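Work through these exercises with the structure open beside you. Try each task before reading its solution.

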Amino acid sequence: MAQGTQVKKRGEGTEGPQFKANMSARYGLDRVFSVVVTLAALVGIVVLAVLLVDVTRDGSSMLSANFLTSFPSQIFPENGGIYPALVGSLWLLGLTFLISVPLGLGAAVYLEEYAEDTRINRLIEINISNLAGVPSIIYGLLGLGIFVQLLAPITGGGSVLSGALTLSLLILPVIIVATREALRAIPRAIREGGYALGATKWEVIRSHLLPMALPGALTGMILALSRAIGEAAPLLVVGVALYQTYATSGPLDGYMALPTQIYDWISRPQQIFQDSAAAGIVVVMVVLLVANSVAILLRNRFQRSS
Amino acid sequence: MSRILRARLVVGVALVLALSLVVAACGGGGGGGGSQGGGGSEPVSGEIAIEGSSTVQPITQAAAELFREQNPKARISVGGAGTSDGFEAFCQGDTQISDASRPIDVAEEVPVCEENGVEFIEIPVAFDGISVVVNEQNDFASDVTSEQLKTLWEPAAEGEITRWSQVNPQWPDEEISLYGPGTESGTYEFFNETIVGNEEEVNRTDYEASEDDNVLVQGVAGDQNALGYFGFSYYENNLGKLKALSLDGVKPSAETIRSGEYGLSRPIFIYVSTKALKNNDAVKPFVDFYLSEQNLDRLVEAAKYVTLPGSLADESRAQYQDRTTGTVFTEAGEPKGGDLEAALKQAQ
């Protein structure tokens with residue numbers, strides 16, 4: 001009752017007598033709001049800039065071409081580098097991409113296009129949303145049990161493949177959710193138009209839905225892979241090496257990784273390793289920027305062609 | 001239809017290119033290393049997996065690093081998952097060498113090794129000390145006894161012992177803030193066993209905890225009322241910011257830690273599988289190299305730990321040369337007979 005009358009009053013208000021044409025105040029408020037949202041957007045950039053300046057200053061003494069091509073060194077820390085960790089992280093990135101993207105796309109297409117609204121499918125959906133919030137160390141322990149121990153004959157134990165499989169589990173939920181959102185945004189008429197012309201479900205998906213959903217899905221994949229490459233906690237559990245005398249050269253080799261290398265350096269007592277860690281952070285940021293730019297270029301190409 | 005196929009191709013080709021670049025780069029790196037090799041004995045190849053304590057890892061890393069210069073084809077990986085995880089993998093035969101910041105557990109870990117037929121040689125390689133430190137500005141505390149530390153850190157102290165005067169009546173009636181490693185740390189475990197006593201599994205929990213000793217250094221350096229404990233090397237590298245307390249009248253230094261006079265000093269080890277020594281061509285040359293007289297002290301110093309006294313280092317080498325298997329420690333984690341050197345001698 002009370003609510004009803006309130007709504008009525010408000011409705012009356014907009015009709016005329018209570019409307020105040022206070023233009024200067026309204027434009028003022030408009031400007032204030034635009035400043036507020038601009039500031040909100042700037043926070044992220046400022047934090048990133050401060051971080052970049054800070055680590056670049058700390059790491060400048062170590063940053064050189066030699067840093068990229070040398071092994072880390074305990075005996076001569078000033079000549080040490082990040083080469084095997086960089087190679088390991090690139091392997092992780094590539095394998096994780098190859099594993100998680102087809103699986104994520106597949107699962108999203110199933111859930112969005114094929115799944116009936118049954119109890120099992122609803123259970124799967126709820127699970128996927130929840131999995132996106134599970135702490136990464138839990139995925140590490142899962143990876144240790146499944147990939148490192150149970151599947152050791154296939155994965156070679158604590159290999160870079162086991163690491164990539166674990167990271168794939170970690171980012172699959174994000175990829176699935178993003179791809180589903182992209183598929184859901186496609187108007188129903190597109191599907192019906194395809195069926196009306198006699199196309200099968202698979203043909204409609206392949207020729208229309210996937211190309212249209214790909215730009216949106218790629219955004220999710222970029223974010224997910226960025227997260228994967230920055231993870232240290234799950235890798236520490238699934239057999240990442242803190243030092244190796246060789247660089248990874250196959251999926252069943254042992255591996256080092258950038259975040260764990262930085263973590264190792266930061267925990268050392270010597271100042272020189274703190275500088276190495278800062279230089280390592282710069283390398284991670286550059287790798288992330290390059291990977292993201294490549295993905296964004298790809299996305300833009302899809303967007304234009306579809 | 002073909003558009004998406006083409007798109008897939010682009011992605012696929014990009015990835016393959018990226019990976020092959022990496023592989024090529026690796027090949028290049030390996031080749032470059034190879035030309036530098038060939039010093040002294042025949043270079044060996046083969047794989048060695050080493051896992052275990054992150055405390056010992058810097059020493060083993062230094063060994064692997066120098067070994068690599070002469071043996072670029074040997075593939076050695078060194079992990080730092082922790083002593084317990086290291087022994088778990090070692091006793092299952094997954095690793096050939098295990099780094100340990102405490103002796104192997106006679107009750108729980110040795111039986112697993114035995115079950116899997118893994119025999120091991122226990123080799124002390126260095127000493128590690130724990131320093132108890134206060135802020136540089138602190139002008140009243142310079143010495144602390146084990147008893148006082150126990151009063152301060154035991155579980156019963158939680159919420160009760162919060163002022164300096166409660167620990168030592170001569171200290172001022174001011175708030176004390178505590179800093180120490182988290183419960184996962186070997187330093188925590190050792191401090192707890194030595195100071196609080198074996199039967200207690202935990203110490204008080206109302207203190208600033210971090211697994212990263214550098215964070216503790218920053219904490220104590222920035223807090224006038226702070227008292228904390230962490231690895232001796234972290235104190236040595238921050239002399240200007242911190243003040244170390246003497247423990248029961250003994251100042252922490254390389255000498256007192258080496259001699260065992262300083263109470264919070266412990267040996268750290270590598271464990272080598274005898275099966276791996278026989279079956280894996282790389283393990284024997286690597287351990288020979290690690291323990292050799294010209295290398296061991298250099299490695300330990302590079303990793304900022306305290307070198308073994310000469311006589312104990314000789315016993316360590318003898319333990320390895322004679323392939324003496326098993327541990328010389330009791331269930332309580334004490335060397336048999338109380339003295340490490342004597343216990344090693346006894347075992348051979």
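**Exercise 1.** Find how H8(A) and H10(A) are oriented to each other in this predicted model.

*Solution.* 
- Step 1: Take the angle. H8(A) and helix H10 (residues 201-229) of chain A pack at about 150°. Their axes are 8 Å apart.
- Step 2: Apply the cut-off. Angles over 145 degrees count as roughly antiparallel. H8(A) and H10(A) are therefore roughly antiparallel to each other.
- Step 3: The crossing of H8(A) past H10(A) is right-handed.
- Step 4: Look at the residues. On H8(A), the contact includes A:Leu167, A:Ile171 and A:Val174. On H10(A), those taking part include A:Leu209, A:Ala213 and A:Gly216.
- Step 5: Sort by class. This contact has 17 nonpolar, four polar and two charged residues.

**Exercise 2.** Now describe how H4(A) and H8(A) pack.

*Solution.* 
- Step 1: Locate the helices. H4 spans residues 83-114 of chain A, and H8 spans residues 160-184 of chain A.
- Step 2: Take the geometry. The angle is about 40°, and the axes lie 6 Å apart.
- Step 3: Classify it. H4(A) and H8(A) are therefore oblique to each other.
- Step 4: H4(A) and H8(A) cross in a right-handed way.
- Step 5: Sort the contact residues. There are 20 nonpolar, seven polar and four charged.

**Exercise 3.** Decide whether helix H12 of chain A is largely enclosed, and say why.

*Solution.* 
- Step 1: Find the helix. H12 covers residues 258-266 of chain A.
- Step 2: List its buried residues. They are A:Leu258, A:Pro259, A:Thr260, A:Gln261, A:Ile262, A:Tyr263, A:Asp264 and A:Trp265.
- Step 3: Conclude. Eight of the nine residues of H12(A) are buried, so the rest of the structure largely encloses this helix.

**Exercise 4.** Is B:Ala107 buried or exposed?

*Solution.* 
- Step 1: B:Ala107 sits in the loop between strand E3 (97-100) and helix H4 (110-115) of chain B.
- Step 2: Count neighbours. B:Ala107 has 8 other C-beta atoms within 10 Å.
- Step 3: Apply the cut-off. A residue with 12 or fewer counts as exposed. B:Ala107 is therefore exposed.
- Step 4: Compare sequence and space. B:Ala107 and B:Ala332 are 225 residues apart in sequence. Their C-alpha atoms are 9.3 Å apart in space.

**Exercise 5.** Describe the domains of chain B and the contact between them.

*Solution.* 
- Step 1: Read the assignment. Domain 1 is 46-128 + 268-347, and domain 2 is 134-259.
- Step 2: The centres of domain 1 and domain 2 of chain B, over C-alpha atoms, are 29 Å apart.
- Step 3: Count the contact. Domain 1 of chain B gives 13 residues and domain 2 of chain B gives 11 residues.
- Step 4: Sort the domain 1 side. Five are nonpolar, five polar and three charged.

Definitions and conventions: Residues are numbered from 1 along each chain as its sequence is written. Chains are lettered from A and ligands numbered from 1 in the order in which they are written. This is a predicted model: local features need pLDDT of at least 70, side-chain atom pairs count only at pLDDT 80 or more; totals for chains, interfaces and linings use all residues. Domain bounds come from an automatic or database domain assignment. Two residues are in contact if their C-beta atoms, placed from the backbone, lie within 7 Å. Ala, Val, Leu, Ile, Met, Phe, Trp, Tyr, Cys and Pro count as nonpolar, Asp, Glu, Lys and Arg as charged, and the others, Gly among them, as polar. Axes are lines fitted to C-alpha atoms, for helices over the stretch in contact, and angles run from 0 to 180 degrees between N-to-C directions. Helices (H or I, at least four residues) and strands (E, at least two) are DSSP runs, numbered from the N terminus. Angles under 35 degrees count as roughly parallel, over 145 as roughly antiparallel, 65 to 115 as roughly perpendicular and the rest as oblique. A crossing is left-handed if the near helix is turned anticlockwise from the far one by less than a right angle, and right-handed if clockwise. A residue is buried if 20 or more other C-beta atoms lie within 10 Å of its own, exposed if 12 or fewer, and partly exposed in between; C-beta atoms are placed from the backbone.
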